[in-house]
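The following questions and answers examine one structural model, working from its pockets to its sheet and then to individual residues. Please consult the sequence and the structure alongside each answer.

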Amino acid sequence: MNLQIVSYELRNYSLLVQAFIFVWMNDRMFFRELPAGKRLQKGILSFLVSFHTSFYLAYRLFYVFSSFTQQESITSFFAVTAICIVTVVVMLPLYKKLINQDWTLTLFLYLIYVMAHYLATLVSITILGKLAHTQLITLAVLFWFHKEIRKLSTIQYHMHASRRFNCMLMLSMSFVIAQAQAPRLVLSGAPHAEAQSDFEWVLAGLSLAFTFSILLIMKLFLNAVFRYEEYFDMHEKDPLTGLYNRSYYQEHAWDKIDEAFSAGKKATIFSMNIHGFHDYNSMYGFEAGDMLLQHLSDSLRNEFPDGLLSRDMADHFIGVVIGDDIQARIKGIHESMHLLQKQTTLQLLTGLYEVQDLPQKKDSGSSRSIWTMQMPQ
């Protein structure tokens, strides 16, 4: 079959317009606080890593491949599927670097555009129909998942570190791309992406149902994960400061120290409390006291974003921090607290203990715990 660039462009205005939606979405989510010049640059790069570019590369690679094999052979079909997957895989790390987010959000956002394109292909029989359906489905799926996207982009969930979930997203994307009808119809060079027999209509219907099922499963799975995260925060985090509670610290402190030693870094245990906090509460009220505790917890998070930070009780904070210059960073926290003491005399008392050796792994029945280390006051 004759595969020409002009034929590609005539049949793929839908992907071109979808690429502009991709640019708009990225700009609103990640780039709108940037200066105008930097924002424009990011917008151009967003277009270059969009699914439109990925699909165009797949088209060109398939054009080269088709000169070496029979177009209608089973080999050709599998080649189309593999080429589409490979070009997407090439774009994903570039997109991740552009938006500076983790793999979960990167895969999830890109998967939405891939699914929208193939869903439009399955329900459209004309070029204009595909153009309209692609944009409507893209916007509809983005709206349907807008809460999940917002949470993934603004809140640090434990799920972000889940390789299994990321693998599930990548497999879902691969399965959608590998639909029996979509790759063959889109890249076959036919003027219209429509089924030509009852059998092909059945395959298209099954593919459509399968793709919708993946979207529904993702929706249900994300909602279940977010409910777990809320339960986790409720039971293992301090509701006022957002730091971990004492039980979580006791359970995971040694793991944090082990992580530091494995990376060849220093691990330091700290104990911190606010002397004069009771008087501060008496003079200015509990609301002012809560704001003081929140300020201290925010300062700890800013200085030690990779640390294990917890609120033990009242005005007492404990944790494990990793790296050098710990004392200098603690001094910065002391200075920020000094500015808030008002008419009272507040003192931030801090004890530091740099762990020199990693003890043997403790078992659940061992009486030894992180609390056996004496903290200097």
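Q: By class, which residues make up the lining of the second largest pocket?
A: In this predicted model, the second largest pocket is lined by 15 residues. Divided by class, this lining holds 8 nonpolar, 4 polar and 3 charged residues.

Q: Which residues lie nearest the centre of the second largest pocket?
A: Helices α2 (13-31), α7 (127-144) and α8 (146-154) each supply at least two residues of the lining of this pocket. The volume of the second largest pocket is about 440 Å³. Of the 15 lining residues, those nearest the centre are M25, R28, M29, H146 and I149.

Q: How many helices and strands are there in the protein chain, and what percentage of its residues is buried?
A: The protein chain contains 15 helices and 4 strands. Among its contacts between residues at least 6 apart in sequence, 76% join residues at least 24 apart. Of the 377 residues in the chain, the buried share is 46%.

Q: How many bridges join β1 to β3, and how many join β1 to β4?
A: Strand β1 (residues 267-275) runs antiparallel to β3 (residues 316-322), with T268 opposite V321 and N273 opposite H316. Strand β1 also runs antiparallel to β4, where F270 stands opposite L352. The bridges number 7 between β1 and β3 and 8 between β1 and β4.

Q: Why is β1 described as largely enclosed by the rest of the structure?
A: A residue counts as buried when its relative accessible area is under 20%. Strand β1 is largely enclosed by the rest of the structure because, of its 9 residues, the number buried is 7.

Q: Which residue of β3 is the bridge partner of S310?
A: Strands β2 and β3 run antiparallel and are joined by 5 bridges. Of the 6 residues of β2, 5 are buried, so this strand is largely enclosed by the rest of the structure. The bridge partner of S310 in β3 is I318.

Q: Which residue in the turn of the hairpin formed by β2 and β3 has a positive phi?
A: The hairpin has 2 residues between its strands. The residue in question lies in the loop between β2 and β3 and is partly exposed, with a relative accessible area of 45%.

Q: Is N100 buried or exposed?
A: N100 is found in the loop between α5 (74-99) and α6 (103-123). Although N100 is not a glycine, its phi is positive, at about 55°. Its relative accessible area is 66%, and the cut-off for this class is over 50%; N100 is therefore exposed.

Q: Is S46 buried or exposed?
A: S46 is found in helix α3 (residues 36-48). Leaving aside residues up to four places away in sequence, S46 touches F22, V23, N26, F31 and L98. Its relative accessibility is 0%, so S46 counts as buried.

Q: What distance separates the C-alpha atoms of L348 and H338?
A: L348 belongs to strand β4 and, at 10% relative accessibility, counts as buried. Leaving aside residues up to four places away in sequence, L348 touches M272, N273, I274, L296, I333, H334 and M337. L348 and H338 are 10 residues apart along the chain, and their C-alpha atoms are separated by 8.4 Å.

Technical notes
Residues numbered from 1 in each chain as written. Predicted model: local features only at pLDDT ≥ 70, side-chain atom pairs only at ≥ 80, totals over all residues. Heavy atoms only, no water. Pairing = 2+ DSSP bridges. 1 Å grid on protein atoms, 1.4 Å probe; cavity = no way out; pocket = protein on both sides within 12 Å on 5 of 7 lines; lining within 4 Å. Points joined across faces, edges and corners; volume = space filled by probe spheres on them. Nonpolar A, V, L, I, M, F, W, Y, C, P; charged D, E, K, R; others polar. Buried < 20%, exposed > 50% of the residue type's maximum accessible area, 1.4 Å probe, protein only. Contact = heavy atoms within 4.5 Å.
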